Amino acid sequence: MKEDGLRRVLSLVLMMATGAAWGQGPAGPASPAGRPPVNDVNPPIRAKQIHLKHVLVIGQTKGFEHDSVSAAMDFVYKMGHETGLWDTMLRTDTELLTKNKLANNGKNLDYFDCIVFASTTGELTMDDQQKKDMMTAIQVDGKGFVGIHAALDTNYKWPEYGELTGGWFDQHPWGTFDAPIVNEDPNSPITKHFPAAFMKYDEIYQPKNWDRGKVHVLLSLDPTKLNYMNNRNVHREDHDFAVAWTKMYGSGRIFYSTLGHTEEAWDDPDVQKMYFEAIKWALGMTETSTAPHARPAMAASAQ
């Protein structure tokens, strides 16, 4: 069940996160100056929680519509709400991807600290000024960007977008399968909960216009355990199939992972933990490397 998965992830992070977000220590909730302590006589004030950061999740699809879009969006909202680390705006349009002042309490890019593309597909409905504004927000203002699964299958006619994400979708040669994955960075807070090698049932994208020398690979497919026979969708001669990576785009922190194709993936505590930590990192709450590194010796010898 999705709720059980969320609880398992929260059990790993909630004590630290809530302590930082809500000012709690061993003695319990702190009382703001001028207010009586919270007890049976003075129940807690029911006001909107003040969160540390603001996250905008875009789930617009102009191509293939993944069943998991709602699950991914729901996860980002719940993790921000439950931990108090961020609040979340969920949209299936692109109206807020602008620096223009918006009427009727509309929030623009100046308000948000991180943008999440939750399996967006196709050419999103953004005009040239919106595209410029989004790039400025990330590259110059330092907003974070997290791309979930089909975020790589998006905006092919927008060259800067491919530079931002690190590449574009170029088939999924094995469809949805038991993917053999190697953890290339067990020291990163985003991936340290994964073992050195593991399997995940998911759909792994093959990226094009993607260069390992321009990103920091966190997870990748084990090329020694893949079947290439009669597979016309395998286009990378180097057999380098990254599963998750980080990079910088100017001042902006960028994370992408192909994991999250299925609805069931969002019940997986490992996948939940990865995206939770990725958003925290994109928001500047933790640190991890964005420096390129060589392929593992095992993978390099299998080319």
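A salt bridge is a side-chain nitrogen of Lys or Arg within 4 Å of a carboxyl oxygen of Asp or Glu. In this predicted model, Glu 277 and Lys 280 meet that description, since their closest N and O atoms are 3.6 Å apart. Because the two residues are three places apart in helix α5, which covers residues 269–282, Glu 277 and Lys 280 are separated by about one helical turn. Glu 277 is buried, with a relative accessible area of 5%, and Lys 280 is buried as well, at 7%.

**Salt bridges**

Side chains of opposite charge can pair when their charged atoms come close. A search of the whole structure finds 14 salt bridges, and the table lists some of them.

| Pair | Closest N and O atoms |
|---|---|
| Asp 110 and Lys 99 | 2.6 Å |
| Glu 277 and Lys 280 | 3.6 Å |

Arg 212 lies in the loop between β8 and β9, and Asp 240 in the loop between β9 and β10, so their pair ties together parts that are 28 residues apart in sequence. Arg 212 counts as buried at 9% relative accessibility, and Asp 240 counts as buried at 3%. These two residues also belong to a network of salt bridges that links Glu 184, Arg 212, Asp 240 and Arg 295. In the pair of Asp 110 and Lys 99, by contrast, Asp 110 is partly exposed at 43% relative accessibility, and Lys 99 is partly exposed at 25%.

**Aromatic rings**

The count of aromatic pairs comes to 13. In one of them, the ring centres of Tyr 111 and Phe 112 lie 5.1 Å apart with the planes at 90°, so this pair is edge-to-face. Phe 194 and Phe 198, on the other hand, form a stacked pair, with 4.6 Å from centre to centre and 5° between the planes, and both of these residues are buried. Ring pairs also link Phe 75, Phe 255, Trp 266 and Tyr 275 into a cluster. Returning to Tyr 111, the charged end of Lys 107 sits over its ring, 5.5 Å from the centre.

**Arg 253**

Arg 253 lies in strand β11, which spans residues 252–257, and this arginine is buried, with a relative accessible area of 17%.

Methods. Residues numbered from 1 in each chain as written. Predicted model: local features only at pLDDT ≥ 70, side-chain atom pairs only at ≥ 80, totals over all residues. Heavy atoms only, no water. Helix = DSSP H or I, 4+ residues; strand = E, 2+ residues; numbered from the N terminus. Buried < 20%, exposed > 50% of the residue type's maximum accessible area, 1.4 Å probe, protein only. Phe/Tyr/Trp six-rings, centres within 6.5 Å; stacked < 30°, edge-to-face > 60°. Lys NZ or Arg CZ within 6 Å of the ring centre and 35° of its normal.
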